Amino acid sequence: MNSAIWQNTLDFNCTWDLGRRCNMDCSYCPPHRHNTSSPHSDLKGLLKVASLPIQVSQTLRELSNKPISTQVNFTGGEPTTNPHLLSLCQFLKEADENLGLSITTNGLFSSKFLEDITQYVHYLTVSLHFEASEKTKKHVLENIYRIKELTTSSTSLLGDFHINMMVHANDVYFAEAVELSSQFKKDNIPFSLRAIGEHPNDKGAHLYDKQQIGFIKTGKLEDEPTNEEEPVKNKEGKKAGRPCCGNRSFKVIREESFTSGTACSALNSIEDLPDAGRVSERNFKDWACLVHLFFMHIYQEKEQVFHHQTCKAKLDGTTGPIGNFEDIDKIVEFYRQILETRNVPYIRCPNKICNCGLCITKAKNPEVLDLFLKQNFKNASLIRNHN
């Protein structure tokens with residue numbers, strides 16, 4: 001069994017959900033995640049909230065004794081539909097030149113917008129959906145190859161990009177994913193293969209046959225044993241495991257690594273462990289976690305702030321927002337207290353399944369987190385509760 005996740009890099013990622021509005025309508029994306037009617041937030045309101053990720057990221061950079069990457073990642077819905085996104089990015093870059101900007105997008109935007117936004121954005125993640133029309137898919141694919149060109153262009157700030165390929169269980173769409181993955185490998189397009197829905201409780205979760213699960217896990221298409229029956233699609237997406245959303249690598253510490261029964265016994269061997277990029281066992285309930293040091297989520301439509309977008313875990317062991325837009329000063333003060341006292345509280349995971357925070361340092365034994373803090377943050381110590 002897994003006993004700890006030890007992250008390799010220090011990245012603070014503020015995900016900023018700009019709204020539900022989307023210009024696509026994938027069958028597996030639920031109504032609470034997208035629509036065609038949500039109003040766009042005005043620029044004045046967006047600029048007011050921008051002080052939060054700016055101040056928190058500056059605080060964490062000062063706390064760390066190693067280089068720490070701080071960035072704002074715009075999500076949605078589809079964030080590129082917001083008419084003020086370009087102005088917001090310009091404001092953030094001028095306010096903090098060390099703050100990286102990224103966008104998670106479906107790639108369905110104009111070539112003019114792409115040229116403009118890459119003057120401010122360092123990283124793009126494109127979620128590739130095969131249900132779209134042929135015209136849409138052609139346009140998105142053209143944008144992907146233009147994105148690659150812009151990563152080496154002197155006229156662009158864009159440094160890197162990644163494709164999340166949503167592997168559809170439909171045989172036709174699945175064949176498209178197989179073909180395109182081969183093309184991307186030849187053309188050096190970085191991508192991950194993602195299952196649609198990761199456990200049976202997801203209403204939009206797809207069921208895959210053994211061959212499809214094998215492809216999602218390894219990127220290789222192995223032949224199914226020949227028989228008279230059609231391959232049975234009864235494998236949930238979780239069978240393929242979950243990769244890190246940000247394409248980060250981390251180390252999975254197994255229980256047998258703690259030979260003496262303490263976290264210290266494994267410290268010297270952590271660097272020797274292989275890097276992981278996918279986790280199958282994702283039940284971290286009651287584990288000690290530092291997700292609040294490395295993530296923040298701004299939900300623009302509801303005017304709420306969370307430690308993390310999907311787990312919504314709080315320091316008191318419950319789930320929900322840590323405040324609304326009126327509490328921005330209090331949230332900033334919480335991080336300033338950590339900086340001044342060097343006392344870092346941790347979260348006891350209240351959830352059964354971990355999604356996008358799986359790459360963040362967490363452990364059954366809080367002692368592992370204390371070791372992580374001492375290695376990476378100046379004179380920091382772990383405390384159980386924050387009052």
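Helices (H or I, at least four residues) and strands (E, at least two) are DSSP runs, numbered from the N terminus. By that count, the protein has eleven helices and 20 strands.

This is a predicted model, in which local features need pLDDT of at least 70, side-chain atom pairs count only at pLDDT 80 or more, and totals for chains, interfaces and linings use all residues. Residues are numbered from 1 along each chain as its sequence is written, and side-chain values use heavy atoms, with hydrogens and water left out.

## Overall form

The radius of gyration is taken over C-alpha atoms, and the globule rule is 2.2 Å times the number of residues to the power 0.38. For 387 residues a compact globule would come out near 21 Å; the protein has 21 Å, so the two agree. The C-alpha trace spans about 65 × 55 × 40 Å along its principal axes.

Buried means under 20% relative accessible area, exposed over 50%, and partly exposed in between (1.4 Å probe, protein chains only). Of the 387 residues, 51% are buried. A contact means heavy atoms within 4.5 Å. Among contacts with a separation of 6 or more, 75% come from residues 24 or more positions apart.

Two strands pair if DSSP finds at least two bridges between them. Nine strands form an open sheet with mixed pairing, in the order S7-S6-S5-S4-S3-S2-S14-S15-S16. Strand S7 (191–195) and strand S16 (323–324) stand at the edges; each has a single partner strand, so one side of each lacks a neighbour in the sheet.

Strands of a sheet pair through backbone hydrogen bonds, either parallel or antiparallel.

| Pair | Partner residues | Sense | Bridges |
|---|---|---|---|
| S2 and S14 | 295–299 | parallel | five |
| S2 and S3 | 69–75 | parallel | seven |

On the S14 side, Asn13 stands opposite Phe295. Cys14 stands opposite Met296, also in S14. Towards S3, Asp17 stands opposite Thr75.

How many of the residues of S2 are buried? Seven of its seven are, and the strand is mostly covered. In a regular strand the side chains alternate between the two faces of the sheet. From S2, Asp11, Asn13, Thr15 and Asp17 point one way. Phe12, Cys14 and Trp16 point the other way. Both sets are buried.
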